[in-house]
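Subject: Structure for your files

Hello,

Please find the structure below, with its sequence. My notes on it follow, and you are welcome to check them against the coordinates.

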Amino acid sequence: MTEFILNGRLAAADFPPDMRLRDVLYKLGCTSVRDSDDHEGFTGSDIIIFNDRLRSSNLTLLYKAEGARIRTAESLRNGREINDVQQAMIKAGVVQSAYNSPTVALILTWLLEKKPDASREDVRQALSSVFIRDAGYEHFYLAVKLVQEMRAFGRYVTPVSPVFRDKLDYIGKPLDKSDGVSLVSGEPVYVEDKVDKDAYVLEVLRSPFAMAYIKSIDTSRAEALDGVEAVVTHLNCPDVYYMQAGQGYPEPSPYDRKMLNRKVRHVGDRVAAIVARDRETAEKAISLIQVEYEPVKPVFSVEDAMAEGASLVHNSFVEYVSGAPAGLDEYNRSYDERDGKVIYQFPLHGDVRRNIAAGAHGGIGDVQKAFDEADAVVEETYRTSQIQCTPLEPHVCYSRMENGRLVLHCSTQVPYHVRRIVAKVCQISENKVHVIKERVGGGYGSKQDILVEDLCGYCTWITGRPVYYRNTREEEFIANSTRHPMRITVKMSGKKDGTITGIYMDVRANTGPYGNHCLTVPMNASSKTLPLFAVKNMYYDLNTYYTNIPPAGAYQGYGAPKGYFAIMSCMDELAHKLGIDPLEMALKNVVDEGYMLDILKGLGEGRDGKVVPVGSCGVRQALLKGAEMIRWGVREESDDPDWAIGKGFAMIQQGSGLPGLDQANAQCKLLPDGSFVLLSGGADIGTGLDTISLKIVCEIMKVDPSRVTVVSGDTDSCLFDTGAYASSGTYFSGNASLNAVKDLKEKMLKEAALQLNERPEDLELIEPGAVRSLASGAELSYQSLIHEALSGTGRGAIIGTGSFATENSAIPYGAHFAQVAVNRKTGEVRVQKFYALQDAGTPINPELALCQMYGAAMKSIGHTLYEDMVLDENGKCISACFTDYGVPMISEAPEDFRAVLIDVDDQYGPFGAKSISEIATNGAAPAIANAIYDAVGARVRSWPITGEKILRAMGKL
Amino acid sequence: MRQIISAKSMEEAYRLRRDLPEARYVSGGTEVLRLNGSVPDATALIDVSAFLSPEIEKKHDAIIIGAGATFQDIIDSPVIPLWLKEACGYMSSLALRMQATIGGNIARLGDDSYLIPVLLAAGARLKTYGNRGMLEGELSEYVRNGGSRYTVLGLTIPADEAVSSARFSRTAASHSAVNMALSKRGLFSAVKGGGIFFSLEEALGADIADDITGSAQYKKYLIRTEKERLEEVLND
């Protein structure tokens, strides 16, 4: 028994003395103390105050706590009241996916106890132990400032964001995030907190080979082990082909896998799944499984995959659900049955006999003629690397049976795709599956893929046992989705006056072992870049290759960050070649509202694209304002002659969901006391989507937020939504909520008209929740209204239903500017200034929008300069932990970091809103690369732009 | 369950280690308990924190630092020279700095060591305990011997030594490619994939691996190039 003072009270922990203190504290109910790095001591999720000092509870064994005074974030809350630091964090907008929010609140509380006037540097030091992926780091300084202001003046002085739309009460104004209190307090709101004590564990035996056939597998000794419930291999798993990308059905990705396959295709691929009563038993069982492999020479790069005689990753039997090409029988003569099948839902221009998973081609005008007639042409190849999403909460699932149904507690961006795919692999109907999306501790695209729910759900279905699965951090690196590495060649031509006359993009993407998003992500390299240019001659070729690297998939921005790195770097190179200011060239060639986007015709992602004009567009304002802020054209001089300073920028765009493909639905109910519940199919992954729905109800129904509850992501209670990806949340799910609330309003007015004996058109809604007649002045409270409707003589419940599907686009635009200092002797780079300017239409949650811009830009800075998944010659990732991989911490944040919302109203978005966060991943790479060139004349065309590469580009190595 | 023994004295700790050859000492725990750390999970641990002094004191022209002092203790101490505070600050995480002891970090002798280069440059002396009892000697000797099984009890550095240092890593929290320090004693470096070197020539002539921190050519270039800047800093 170990005794210590925990949050002011004596605690007696009856656990082994060598147990990690983190695990003990969690078991004692301190759910704020989390583990996101498998005790690497890196991310800070496990930090506590231990004898008045910060300490990693994961790197502390229980015996060490004897007699200690320990504080966790649970100490910050008094009953239902959170402390002023937690309040300020919510106000500042930093509580997003929030896996580390409680630990940050604890650290900042401790800091302000020690130093009430803590400076920016004090905050930076205090948060040096904490990795934040979602909100960047900038508004944490603001949160501390707000606390100091509240303590000094009794009110917040510094605005947390600008406000938008004066005539609206809630839209465009900061408002505490609806789940902020529970998240910042560390309440048990994540999947791991829902696991029953008697849950079984699932462990996966993974392939040590990058590519091999399983010649034999003997699981008999594992199955005989006491406590082992099931062992699943390719021999006994369902003969069901599917794919793990959570895309709308029918998916533009091939069904190229079963749950477990006879051929393993990457180091870390599934070989066997073991369900056991505890982890020790599962690990023992894994050690008892005997596997004989027949290795195949792997291919790792696009070049490897393209090479004559290269090993085939999927020498499979190819089928098409529709649109099968002629000669398919002949094509299939050479398949190897051990490779299984590849089933295309419709043609994607794949050719598995050449390792091509998908392809696309298209364009406008005559690029060759443009190149022939140009004053200058630049043709260069740019390479992007494999990047891990690194959500703090790894991929996790808890599945259990209830009343004959399979219930899955998930951390997912796509609850309805989870339901569909799990039902498919279990070979049951969707009504037998209930998916509950818990709070999501970071997704960034990787939780758009059904990477663990399929196996976990299946194991529960066959065993009837509650099963818990959670990726280790290493598994996050080797068996998860990542950014597709790409090789993009851009050829761009121009005239002496700065007019760009032609652009050609040759995109070669590496999808790894399976074809998740193999068309859509690489397509974005062109489809989200070319439409930004008012250029008459543009063409692209795209081919995506299978290889044996760890799996690729969705990551915030899809392929756009890669495309922008290439196209904006190339434009910078062309401008320099023509002797023109790159900003001038951008302004001369960027689209404006009304410009007809003929290029969209060939950018339909597997279908014909619809040509539309540019809608609301703030890119020109962003370029001009950003240039002014960074003093574009002014050469900055360093005090230290070793350091040179340079500036760069990128103009950017993204999308808001997938018009023509996505759909969202919502319902809004008037409760018996006149309050509201909105049921949204949308999946809030920490970004504040629920708060958007809440604000919509408040705005239209004229009620206080305390009278509105949003329930989302539950497939039983909520209606279908394609999910939170492709920047669809605000536009699609938000519009569905808006339509539901409008429908409810109409029904309420109709009912009120009957009750008041008036005409609906004479009625309006007024604060704080009543119907008023413009004709008679009569008022009817919502409570009275619904009470009558639900009475024995009433006309029934009043429910609004809304759906949203569209062919219209609401495209966000922007420009990112960077100022860097580069050491001429060592190649070191410091990002001195980074300004992200974006047109998000009407930012419904402006403070959250700013933090998402900081977070996304920070991710992109990381991809550009630091992060790197490095494989050895056998395909094993040798940077499969945070320290080796190199995510940016607060030390890497730009010294002067600003996010600016350009005020543009959109005609299609809810209240004029567009998407916000994905676009913010697009600018950093080209802006920084161009700034480095501006500083020292070194052009680095591959990620990450390391000091070593800069030195090589400068000819010093 | 992992065996944990809390030793009350150095003698007891040494005896325990002799009886349990596979056991490791633990104090702060940031290295021993860390994922991918140097100690396997099941290894028995001998906790030495009860008798390792965290004291830092100045005596005449020397500063004596107990092996139990944490990195942050050193940064916060008024008697510690700036060059050592800077080196302790190379450990970027405040929480780790508040937990990691200087003794543990020295004993690790990592090729990305935060402290070894500056301490070598300063001519630090170590107090250790081993099979010949308590010993005091040059850190350089300890490093050259690969640390041996002597336990670090503390170190002494000159109070007025001038040392300049530099650390090169992709991010503040990443492994360093090169950590180097210069003083009148010469240039000392810890080079990832190479080891700890006692001179420029030794580092440049060494067999250094290409790894995730950079190529051998890059690391040697940094050592060669940065030496000039460190000389300027030192002369200033």
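I begin with a pair of helices in chain A. Helix 12 (residues 415–426) of chain A packs against helix 13 (residues 453–463) of chain A at an angle of about 50°, and their axes are 9 Å apart. At that angle helix 12 of chain A counts as oblique to helix 13 of chain A. The crossing of helix 12 of chain A with helix 13 of chain A is right-handed. On the helix 12 side of chain A, the residues that meet helix 13 are A:Val418, A:Ile421, A:Val422, A:Val425 and A:Cys426. Their partners in helix 13 of chain A are A:Glu453, A:Asp454, A:Gly457, A:Tyr458 and A:Trp461. By class, this contact of helix 12 with helix 13 of chain A has seven nonpolar residues, one polar and two charged.

Please keep in mind that this is a predicted model.

A second pair in chain A is helix 20 (residues 729–756) with helix 21 (residues 782–789), which pack at an angle of about 80° with their axes 10 Å apart. Helix 20 of chain A is therefore roughly perpendicular to helix 21 of chain A. From helix 20 of chain A come A:Met748, A:Glu751, A:Ala752 and A:Gln755, and these meet A:Leu785, A:Glu788 and A:Ala789 of helix 21 of chain A. The residues in the contact of helix 20 with helix 21 of chain A are four nonpolar, one polar and two charged.

How much of helix 2 of chain A is buried? Eight of the nine residues of helix 2 (residues 84–92) of chain A are buried, so this helix is largely enclosed by the rest of the structure. The buried residues of helix 2 of chain A are A:Val85, A:Gln86, A:Gln87, A:Ala88, A:Met89, A:Ile90, A:Lys91 and A:Ala92. They pack against four elements of chain A: helix 3 (101–114), helix 5 (138–153), helix 6 (180–185) and helix 22 (846–865). Just after helix 2 of chain A comes A:Gly93, with a positive phi of about 90°.

Now chain A as a whole. Chain A has 25 helices and 33 strands. Its radius of gyration is 28 Å, close to the 30 Å that the globule rule gives for 957 residues, so chain A is as compact as a globular protein of that length. The C-alpha trace of chain A spans about 75 × 75 × 65 Å along its principal axes. Of the 957 residues in chain A, 64% are buried. Taking contacts in chain A between residues at least 6 apart in sequence, 78% join residues at least 24 apart.

A:Arg338 has 15 C-beta neighbours inside 10 Å and so counts as partly exposed. Not counting residues up to four places away in sequence, A:Arg338 touches A:Tyr213, A:Arg262 and A:Lys263. From A:Arg338 to A:Leu202 there are 136 residues in sequence and 26 Å in space, C-alpha to C-alpha.

Chain B has nine helices and twelve strands. The radius of gyration of chain B is 17 Å, close to the 18 Å that the globule rule gives for 236 residues, so chain B is as compact as a globular protein of that length. Along the principal axes, the C-alpha atoms of chain B fill a box of roughly 50 × 45 × 35 Å. Buried residues are 51% of the 236 in chain B. For contacts in chain B between residues at least 6 apart in sequence, 56% join residues at least 24 apart.

In chain B I picked out B:Ala177, which lies in strand 10 (residues 176–183) of chain B. B:Ala177 is buried, with 29 other C-beta atoms within 10 Å. Leaving aside neighbours within four places in sequence, the contacts of B:Ala177 include B:Phe168, B:Lys192, B:Thr213, B:Tyr218 and B:Leu222.

Last, the contact between the chains. The contact takes 32 residues from chain B and 42 residues from chain A. Helix 4 (94–97) and helix 9 (216–235) of chain B are the elements that give two or more residues to the chain B side. Helix 9 of chain B gives the most to that side, with six residues. The side of chain B that touches chain A has 15 nonpolar, 13 polar and four charged residues.

Regards

Notes: Residues numbered from 1 in each chain as written. Chains lettered and ligands numbered in written order. Predicted model: local features only at pLDDT ≥ 70, side-chain atom pairs only at ≥ 80, totals over all residues. Contact = placed C-beta atoms within 7 Å. Nonpolar A, V, L, I, M, F, W, Y, C, P; charged D, E, K, R; others polar. Axes fitted to C-alpha atoms, helices over the stretch in contact; angles between N-to-C directions. Parallel < 35°, antiparallel > 145°, perpendicular 65-115°, else oblique. Left-handed = near helix turned anticlockwise from the far one by under 90°. Rg over C-alpha atoms; globule rule 2.2 N^0.38 Å. Buried ≥ 20, exposed ≤ 12 C-beta atoms within 10 Å, placed from the backbone.
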